[in-house]
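Here are a few notes to read alongside the model. Have a look at it first, then work through the points in order.

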Amino acid sequence: MTTTVGTENQMNDLLGNLLKLEHDAIAAYEATIERLDDAESKAQIESFRQDHNKHVAELESHAAKHGVDVPKEGDMKQYLTTGKVALAELAGDQTILKAMKTNEDDTVQAYEQALSNSLSEGELRATFEKALADEKRHRSWMESKAA
Ligand SMILES: [Fe+2]
Ligand SMILES: [Fe+2]
């Protein structure tokens, strides 16, 4: 799936959709932590989940500055290729982490698109750049584990 998150024309849609994507991602991380067997992988995923919590906090503070309403949960349609519902059907660490890698593809793409968005400037760019670097780091780890 290719995501359109990050390509919005209005600040409320841009920040709102990124927040929904982050909430979907956090829900997927929670489903993953529940289903993984390997303790080390669980701990790593937990630390990635904390990165996402920071992304939410930063996006919310930009939303407050721009007077944008913040979605407190994900989207019913699910913005991710392999959301929490699909993840709940999977078994085996390698299979689960391979599925999670598809979600990192989505978050990487969303932040790349957000960075090319003309609405993105100043402090917003700094937030997007940091989040993009985190998502790329998450994806590399998933790739190394799922290979
Ligand atoms: Fe994130
Ligand atoms: Fe991530």
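**Notes on the helices and the core**

1. Let's begin with E123, which counts as exposed because it has 11 C-beta neighbours inside 10 Å. The cut-offs, with C-beta atoms placed from the backbone, are 20 or more other C-beta atoms within 10 Å for buried, 12 or fewer for exposed, and partly exposed in between. E123 sits in helix α5, and its C-alpha atom is separated by 8.4 Å from that of H62, 61 residues apart along the chain. Helices here are DSSP runs (H or I, at least four residues), numbered from the N terminus.

2. Before going on, a word on the source: this is a predicted model, in which local features need pLDDT of at least 70 and side-chain atom pairs count only at pLDDT 80 or more, while totals for chains, interfaces and linings use all residues. Residues are numbered from 1 along each chain as its sequence is written, and chains are lettered from A and ligands numbered from 1 in the order in which they are written.

3. How do α2 and α5 meet? The axes of α2 (residues 39-65) and α5 (residues 123-146) come within 11 Å and cross at roughly 165 degrees; axes are lines fitted to C-alpha atoms over the stretch in contact, and angles run from 0 to 180 degrees between N-to-C directions. The two helices are therefore roughly antiparallel, a label for angles over 145 degrees. Among the residues making the contact are F48, H55 and H62 of α2 and L124, H138 and W141 of α5; contact means C-beta atoms, placed from the backbone, within 7 Å. By class, this contact has five nonpolar, six polar and four charged residues (Ala, Val, Leu, Ile, Met, Phe, Trp, Tyr, Cys and Pro are nonpolar, Asp, Glu, Lys and Arg charged, the others, Gly among them, polar).

4. Next, look at α4 and α5, which pack at about 155 degrees with their axes 8 Å apart. That makes α4 roughly antiparallel to α5. Their contact divides into 11 nonpolar, three polar and 12 charged residues.

5. Finally, the largest nonpolar core has 30 residues, and L18 and A28 have the most contacts inside it. Such a core is a set of buried Ala, Val, Leu, Ile, Met, Phe, Trp, Tyr and Cys residues joined through C-beta atoms within 7 Å. Two or more residues come from each of α1 (11-35), α2, α4 (93-116) and α5, and α1 gives the most, with 10. Leaving aside residues up to four places away in sequence, A28 touches several others, including L80, L87 and M100.

Technical notes:
Parallel < 35°, antiparallel > 145°, perpendicular 65-115°, else oblique. Contact = placed C-beta atoms within 7 Å.
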